[in-house]
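Visitor: I would like to learn how to read a structure, one feature at a time.
Guide: Then let us look at one together.

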Amino acid sequence: MDPVRPYLLTGAGGVIGQSLATALGPGRVVGVVRRGGNLPGPGIETTTGDVTAPGLGLDPPVRRALAERVGGVIHSAAVTSFTRPPDEIRRVNTDGTAHALRLAEEAGVPLHLVSTVYVRQRGGSAETGRSRAYRESKQAAEDLVRAARVPWSILRVTVVTGDSRTGATPRFQGIHAAMKSLVTGDAHLVPVAPGSYLDFLPRDHVAACVLALLERGATGEHWITAGERAMTIERFVDHCLRFAGRRGWTVPRPRLVDSEMVHRLILPAFGDSLAADLRKRLELFTDIVGPLTTDERLPGPAPGLPDPPDLGAALDAALDYWGARVRLVRQEVRT
Ligand SMILES: NC(=O)c1ccc[n+]([C@@H]2O[C@H](COP(=O)([O-])OP(=O)(O)OC[C@H]3O[C@@H](n4cnc5c(N)ncnc54)[C@H](OP(=O)(O)O)[C@@H]3O)[C@@H](O)[C@H]2O)c1
């Protein structure tokens, strides 16, 4: 792309969007933000829009001026919470992609879709109704992009934590919910098979990888994952328990149990006699951690992308940042 032409970046106030805006820097990006939503950071030009509306909800003169000006569209806006209604997830994630693509086509510039590793149905974890709506919405978005009339790329990003050094993030996500269950001792039985992987990357590293791909003019489909460096669930648990230890809490190590076993054997066998709260916890944990883990490593990142930072240190930073901002109540130790 012509270096003087900025990218139009949707979802610029998001966990990844903010990092992308920061990595691009003032003058190289125009962020689309929702009215009243998070902003990308100081010095970054923004415009207000809504990806569920045609033309991203931009006033037509503003849209036309942007179409003249920008050198590419990075589409990062999405609903990333699995708890939102499926219809909303589809409208934002799939219809929103159609609208971003149309704008790229109007401008005659490449469209880069920030997608997710969730598009690949995962082995080793029971998919829940909640994560299914998200996966399907992003798969449909990818289908739209593959049929684009402009050059395109699909960037499949792994689970994201906060900044590698500070752990900072504008929003806590599923991985933080998993941390909470482990740190507080809420998770006695974790419905994830031993040896599973929890592939994650800090958000600033994800942004650096996206930029590296854009700068080399990459088109087609790319993975941005830890790949070979992905942490096992056991190591993830270790970091969480050490964090609890730093707070002076002794939290028993939870048992890791294949989620199939939980759903096919444990829950049906105990039926109604399984305390309602234990059932709820197991189901919640499956909802939260199941989609984060895989029984095999994800496809690795494209050769030549920056090496990830130390993931253990990044996880500790994420735990510290999050732990300083939430109220944690240690659960009673039960046998
Ligand atoms: N976070 C992860 O772990 C992760 C992992 C893999 C892939 N991804 C993908 O990466 C992309 C960015 O995710 P993220 O982590 O930055 O998510 P995020 O923190 O939830 O941010 C999503 C952004 O989209 C915006 N948005 C939502 N609905 C919108 C609408 N109708 N119109 C305009 N903007 C809207 C949000 O605005 P508000 O600030 O107003 O809410 C927010 O800025 C997504 O496509 C996601 O699928 C994320």
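**Reading the model**

Guide: Around the ligand there are 28 residues, the closest being G11, G14, V15, G37 and A78; a residue is near a molecule if its C-beta atom, placed from the backbone, lies within 6 Å of it. This is a predicted model: local features need pLDDT of at least 70, side-chain atom pairs count only at pLDDT 80 or more, and totals for chains, interfaces and linings use all residues. Residues are numbered from 1 along each chain as its sequence is written.

Visitor: Which elements give two or more residues to the shell around the ligand?

Guide: They are α1 (15-24), β5 (111-116) and β7 (159-161). Helices (H or I, at least four residues) and strands (E, at least two) are DSSP runs, numbered from the N terminus. The largest share, 3 residues, comes from α1.

Visitor: How do strands of a sheet pair?

Guide: They pair through backbone hydrogen bonds, either parallel or antiparallel. Here 3 strands form an open sheet in the order β12-β9-β14, with antiparallel pairing. Its edge strands, β12 (231-232) and β14 (293-294), each pair on one side only. Two strands pair if DSSP finds at least two bridges between them; β9 (residues 197-198) and β14 have 2 bridges. L198 has T293 in β14 as its bridge partner.

Visitor: Is L56 buried or exposed?

Guide: L56 counts as buried because it has 25 C-beta neighbours inside 10 Å. The cut-offs are 20 or more other C-beta atoms within 10 Å for buried, 12 or fewer for exposed, and partly exposed in between.
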